[in-house]
Amino acid sequence: MDEWLKSVMPNVVAYKARFFTSLQQTFQMMLWSGLIAFAIGLALGIVLTVTRKDGIRPNAIVYRVVDLVVNVFRAIPFVILLIFLIPFTRWLTGTAIGVKGALVPLVFGCVPFYTRQVEAALASVEPGKIEAARSMGSGMFGLIFRVYLHEAVPDLIRVTTITLISLIGLTTMAGAVGAGGIGSFAINYGQNQNHQDIVNVCVIILLVFVSLLQLLGNGLARRTTNRHLVGTDKQ
Amino acid sequence: MIEINHLNKTFTEKGSKVEAVRDVSLHIAKGQIYGIIGNSGAGKSTLVRCLNLLEIADSGDLRIGDQQLTFKNGRACQAGSGTPLSEKDQSRLRRSIGMIFQHFNLLDRSTVFENIAYPLRYTGMSRKEISERVDELLALVNLQDKRGAYPAQLSGGQKQRVAIARALANRPQILLSDEATSALDPDATESILNLLLNLNERLGLTIVLITHEMAVIKSIAERVAVMENGCVVEEGEVYDVFARPREEITRRFVASASALSRINKLLAEDSPMVRTKPGELLVKLTFTRESVGEAAISAISQKFGIAVNIVLASVEELRGVALGGLIAIFHGDAEQIQAALDYLIKDKVEVEVLRRG
């Protein structure tokens, strides 16, 4: 087995330790920026849904501010965002490199996208269900947790999957500017040193990872849809 | 039970004002099934939403249950003290009024049980009490076997039954029904209407029913208000409105639920069935509860020697009382025909001459 691995990917085997560290770094970035972005994006998506003009607590000022911030950060390409945020990152975390330094730009890159996705998912909850819940005496929190979030679970799982997959892309880009992870491994040890096998293995790992995420997301979304008649999947 | 006085509601959309409800005053007695009919955009949905504060009226007074409210500056206030109702007060009021909708609005990801339990949670009831209450409600709407089903597994009529059970969970005395049968097929419509009638009789439930179908009003409502452009243009006992519609819009609604409405089509296309020769008269007769039992037609043909050629006839039953309609061509001596008409009018038959030959 070792012999075979050595013959098909000699450089990966040679840099085994670095390779596993990179994988670990990618997972760390995914986990922490994913969790933080999930919490912030979900909260902002809810805020947009609740405060929009036909929402359950319309508030033009809050809506416009959140909407504007989301649009601004969505408009900045991620690579530019990375360098733009360096001073802020350094102020906040004390460092702008490594996994810790990458978290801030990853969250900033991910949240606006996720917020919009959450907003769209919540918008797909029929207004009639909200109205019915109001007629039964539900207040704002009841409407958010017992109707909006509850009914949108399959859609939220779908958009979270999409966001996580795009987050993988962002972590590799962050890797290119010193955050470590599989992206920087592919560039520094693969491309720069002309080790094509390293690049290939990185691609395969990422493909497998993305596919697993997608599979998991689809499965969960389908299982939570609860429409057991024709067309089990809503899409 | 419900008293609406001078209620107004205006929406401002893109700068233009829409007066959805204009100076509406209605009185709905306890235990009544009260119909509100109108075309879409007539304001009936907005009116009914003002009753459970889903919409807050701009001005007017509302007495609903034991609450006496007055609306000013876009807020609902206690009538006596003038203090505005808090969110909590509004929620409490809504909880005391049930509501069902055209598209059922069930939670798709919850089972029938969970849907019906929705309004019971956070009311201080224990799990066991909730479960027992839901079973009671399932029995009430005859869906005991669907406890664990999801809405997607139910037919439209069954979904509306679940919605009714859910609306009644907190034992409201008033049920608002917003086009509850408009998305259902005729069989399901009939079964839902029967269920509503049954609940009205068994629980003494006051039902406010809005619809654009006169057939719905005809089958279960006692009183009806007709709405047009935000105003109530006609109001009364369903039987009287059917027998003697005053407004043009009411006539059209009544015609839509009556076999006699075919006459307008026949007249418009000048069918041979309704063509009158000189001296003949095309007449519409309405037999109300005062005259429906009498053998008027044979009486006039014997008494006045005129021939009566029946073109269309129908007998409706409005909550057990018959209402007859007849369109016929009278043939005979002009004076005798006039005498026959006078005789019918004296006999409390409504007479309308549609065409003179």
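Visitor: How far apart do the C-alpha centres of domain 1 of chain B and domain 2 of chain B lie?

Guide: This is a predicted model. In the domain assignment of chain B, domain 1 covers 2-96 + 172-256, and domain 2 covers 267-356. The distance between the C-alpha centres of domain 1 of chain B and domain 2 of chain B is 37 Å.

Visitor: Which helix gives the largest share of the side of domain 1 of chain B that touches domain 2 of chain B?

Guide: The contact involves nine residues from domain 2 of chain B and seven residues from domain 1 of chain B. On the side of domain 1 of chain B that touches domain 2 of chain B, four residues are nonpolar, three are charged and none is polar. The largest share of that side, four residues, comes from helix α8 (residues 238-243) of chain B.

Visitor: What does chain B contain in terms of helices and strands?

Guide: The C-alpha trace of chain B spans about 80 × 50 × 35 Å along its principal axes. Of the 357 residues in chain B, 38% are buried. Among contacts in chain B between residues at least 6 apart in sequence, 67% join residues at least 24 apart. In chain B there are twelve helices and 15 strands.

Visitor: Why is strand β8 (residues 174-178) of chain B described as largely enclosed by the rest of the structure?

Guide: On one side of β8(B), B:I174, B:L176 and B:D178 are buried, and on the other B:L175 and B:S177 are buried, which leaves both faces covered. Strand β8 of chain B is therefore largely enclosed by the rest of the structure, the number of its buried residues being five of the five.

Visitor: Which residue of β8(B) is the bridge partner of B:M99?

Guide: Strand β7 (residues 97-100) of chain B runs parallel to β8(B), and four bridges join them. Within β8(B), the bridge partner of B:M99 is B:L176.

Visitor: Through which helix does the chain cross from β8(B) to β9(B)?

Guide: Strand β9 (residues 206-211) of chain B pairs with β8(B) in the parallel sense, over five bridges. One of these pairings links B:L175 with its bridge partner in β9(B), B:I207. The β-α-β crossover from β8(B) to β9(B) is right-handed, and the helix on its path is α6 (residues 186-203) of chain B.

Visitor: How many of the twelve residues of α5(B) are buried?

Guide: Helix α5 (residues 156-167) of chain B reaches 16 Å from its first C-alpha to its last, close to the 16 Å expected at 1.5 Å a residue. Its buried residues include B:Q158, B:R161, B:I164 and B:A167. Helix α5 of chain B is largely enclosed by the rest of the structure because its buried residues number ten of the twelve.

Visitor: What covers the buried residues of α5(B)?

Guide: The buried residues of α5(B) also include B:V162, B:A163 and B:A165. Among the elements that cover the buried residues of α5(B) are β7, β8, α6, α3 (112-117) and α4 (127-140) of chain B.

Visitor: Which helix gives the most to the side of chain A that touches chain B?

Guide: The contact between the chains brings 18 residues of chain A to 19 residues of chain B. Both α8 (127-135) and α9 (140-151) of chain A supply at least two residues each to the side of chain A that touches chain B. The residues of that side divide into eight polar, five nonpolar and five charged. With six residues, the helix that gives the most to the side of chain A that touches chain B is α8(A).

Terms used. Residues numbered from 1 in each chain as written. Chains lettered and ligands numbered in written order. Predicted model: local features only at pLDDT ≥ 70, side-chain atom pairs only at ≥ 80, totals over all residues. Buried ≥ 20, exposed ≤ 12 C-beta atoms within 10 Å, placed from the backbone. Pairing = 2+ DSSP bridges. Right-handed = clockwise from strand over helix to strand, strands pointing away. Domains from an automatic or database assignment. Contact = placed C-beta atoms within 7 Å. Nonpolar A, V, L, I, M, F, W, Y, C, P; charged D, E, K, R; others polar. Expected span 1.5 Å × (residues − 1).
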